[in-house]
Amino acid sequence: MNLEHTASIASASTTHQTKVSRFKVYAMKFVYLLTFAALGYDVWSEIINPSEVWGSYDGVVYSFWAAYAVLMGLGMRYPLKMLPLLLLQLFYKSVWLLGIYLPLSIQGQLDTATEGFFMPFAIAIPIDLIAIPWKYVYKNYFQKLLRAN
């Protein structure tokens, strides 16, 4: 694969280009690979050989994570096209940390399962914040959204 110094994506509605640094492209690919491998292995192993009988929510969660892991694999090939997955990951982990973990922690009601999610989420959030090309996100999502109104 031939990578240039920067990845350029032409805007469909304008003639300018938004450039994403090589560092950001590789950082995104790293996050995609890490999520694809780690989450994919855990989830697909459990789907193929379940350790217990699942409730309906467990089935939905495992199905979502399995599909998510596969799509993250596509992100290694198409890092900017799959960028919404990184935004989803950042936002759902942040919401969980602030809306679920923090209140339970303050109330002293954390269980082992909830505590088990804390460290991976606490590590992933800053990595996502670093990997996501925020200038690109602003120009290609928020700025276009604001112009549409």
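User: What should I know before reading any values?

Analyst: The model is predicted, with local features needing pLDDT of at least 70, side-chain atom pairs pLDDT 80 or more, and totals for chains, interfaces and linings using all residues. Residues are numbered from 1 along each chain as its sequence is written, and side-chain values use heavy atoms, without hydrogens and water.

User: How many helices and strands does the chain have, and in what order do the elements run?

Analyst: Elements are DSSP runs numbered from the N terminus: helices are H or I, at least four residues; strands are E, at least two. Here there are five helices and two strands. From the N terminus the order is β-β-α-α-α-α-α.

User: What share of the residues is buried?

Analyst: Buried means under 20% relative accessible area (1.4 Å probe, protein chains only). Of 149 residues, 32% qualify.

User: What is the volume of the largest pocket?

Analyst: On a 1 Å grid over the protein atoms alone, a pocket is an open set of points where a 1.4 Å probe fits, with protein on both sides within 12 Å along at least five of seven lines; lining residues have an atom within 4 Å of a point. Points join across faces, edges and corners, and volume is the space filled by probe spheres set on them. This one has about 750 Å³. Among its 24 lining residues, L39, Y92, K93, F117 and F121 are closest to the centre.

User: Which element gives the most to the lining?

Analyst: α4 does, with eight residues. The elements giving two or more are α1 (22-48), α2 (56-77), α3 (83-106) and α4 (112-131).

Conventions:
Buried < 20%, exposed > 50% of the residue type's maximum accessible area, 1.4 Å probe, protein only.
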